Amino acid sequence: SARVKAILAWSLFTGVVGLIIRALEERVGIIGRWVIGLIGVAWSVASVFVVPVIVLEAETTNPVQFLKTSALTLKKTWGESLIGYLGVRFGGVLIFVGSLVLFGLSIWLSFTFSNFWILSVVFVVWFISLMVFMYLLSVASQVYLGALYLYASEGVVPGPFGRDHMDMAWKQKSAGINPLLMRSR
């Protein structure tokens with residue numbers, strides 16, 4: 001609750017940026033959409049640590065400062081990949097696709113046996129399970145990003161993670177190695 005102003009400021013800022021990106025995509029041709037899509041990806045990458053920045057360091061409510069801090073942390077310590085974070089997301093996509101296959105199977109069974117109760121029950125269970133899964137995936141992603149940010153900014157290996165887990169998630173740039181990354185909790 002102490003970060004409500006910062007969260008609201010970031011939400012408003014990111015909403016406006018999203019609207020601008022969408023408006024630009026609608027007004028340009030196919031090559032322009034591709035370029036705007038790349039800008040959207042750059043925006044997503046630069047803002048990957050904003051939530052941890054707000055939670056851990058929100059001394060201001062300036063969303064531009066949150067974005068700068070996130071991007072600088074990423075630039076300072078992260079190389080080409082965020083393998084762990086992308087792995088969580090990719091795992092989520094695989095589970096979602098698998099759930100769609102099972103849902104399709106239930107549709108087939110429902111039509112085969114002419115029993116639409118199968119479809120009704122499976123749909124309700126599938127929908128509730130999907131909502132719970134998406135929530136848990138979002139929480140897991142934010143916890144992982146928080147851990148990565150803490151490790152990148154302070155060199156602290158948080159809680160249940162080990163240094164090996166954190167080191168596997170990123171490639172450290174050879175120039176500008178942060179000496180704080182050498183200590184652990």
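Residues 24 or more positions apart account for 65% of the contacts (heavy atoms within 4.5 Å) in the protein with a separation of 6 or more. This is a predicted model, in which local features need pLDDT of at least 70 and side-chain atom pairs count only at pLDDT 80 or more, whereas totals for chains, interfaces and linings use all residues. Residues are numbered from 1 along each chain as its sequence is written, and side-chain values use heavy atoms, with hydrogens and water left out.

View 1. The protein contains 7 helices and 0 strands; helices (H or I, at least four residues) and strands (E, at least two) are DSSP runs, numbered from the N terminus. Read from the N terminus on, the elements follow the order α-α-α-α-α-α-α. Of the 185 residues, 31% count as buried, a term that denotes under 20% relative accessible area, with exposed over 50% and partly exposed in between (1.4 Å probe, protein chains only).

**View 2. Packing of helices α1 and α2.** Helix α1 (residues 4–27) packs against helix α2 (residues 30–46) at an angle of about 165°, and their axes are 9 Å apart. The axes are lines fitted to C-alpha atoms, for helices over the stretch in contact, and angles run from 0 to 180 degrees between N-to-C directions. Helix α1 is therefore roughly antiparallel to α2; angles under 35 degrees count as roughly parallel, over 145 as roughly antiparallel, 65 to 115 as roughly perpendicular and the rest as oblique. The crossing of the two helices is left-handed, that is, the near helix is turned anticlockwise from the far one by less than a right angle. On the α1 side, Trp10, Phe13, Thr14, Val17, Ile21, Leu24 and Glu25 meet Arg33, Ile36, Gly37, Gly40 and Trp43 of α2. By class, this contact has 7 nonpolar, 3 polar and 2 charged residues; Ala, Val, Leu, Ile, Met, Phe, Trp, Tyr, Cys and Pro count as nonpolar, Asp, Glu, Lys and Arg as charged, and the others, Gly among them, as polar.

**View 3. The largest nonpolar core.** This core has 19 residues, and those with the most contacts inside it are Trp10, Phe49, Ile54 and Phe66. A nonpolar core is a set of buried Ala, Val, Leu, Ile, Met, Phe, Trp, Tyr and Cys residues joined through side-chain atoms within 4.5 Å. Two or more residues are given to this core by each of α1, α2, α3 (50–57), α4 (63–77) and α6 (116–154). Not counting residues up to four places away in sequence, Ile54 touches Arg3, Ala6, Ile7, Trp10 and Phe66.

View 4. Ser106 lies in helix α5 (residues 83–112) and is buried, with a relative accessible area of 5%. Apart from neighbours within four places in sequence, Ser106 is in contact with Ile118, Leu119 and Val122. Thr69 belongs to helix α4 and counts as buried at 17% relative accessibility. With neighbours within four places again set aside, Thr69 is in contact with Val53, Glu57 and Tyr149.

View 5. Met134 is found in helix α6 and is partly exposed, with a relative accessible area of 44%. The C-alpha atoms of Met134 and Gly92 are separated by 7.9 Å, although these residues are 42 residues apart along the chain. Leu145 also lies in helix α6 and counts as buried at 2% relative accessibility. Leu145 and Pro52 are 93 residues apart in sequence, and their C-alpha to C-alpha separation is 7.1 Å.
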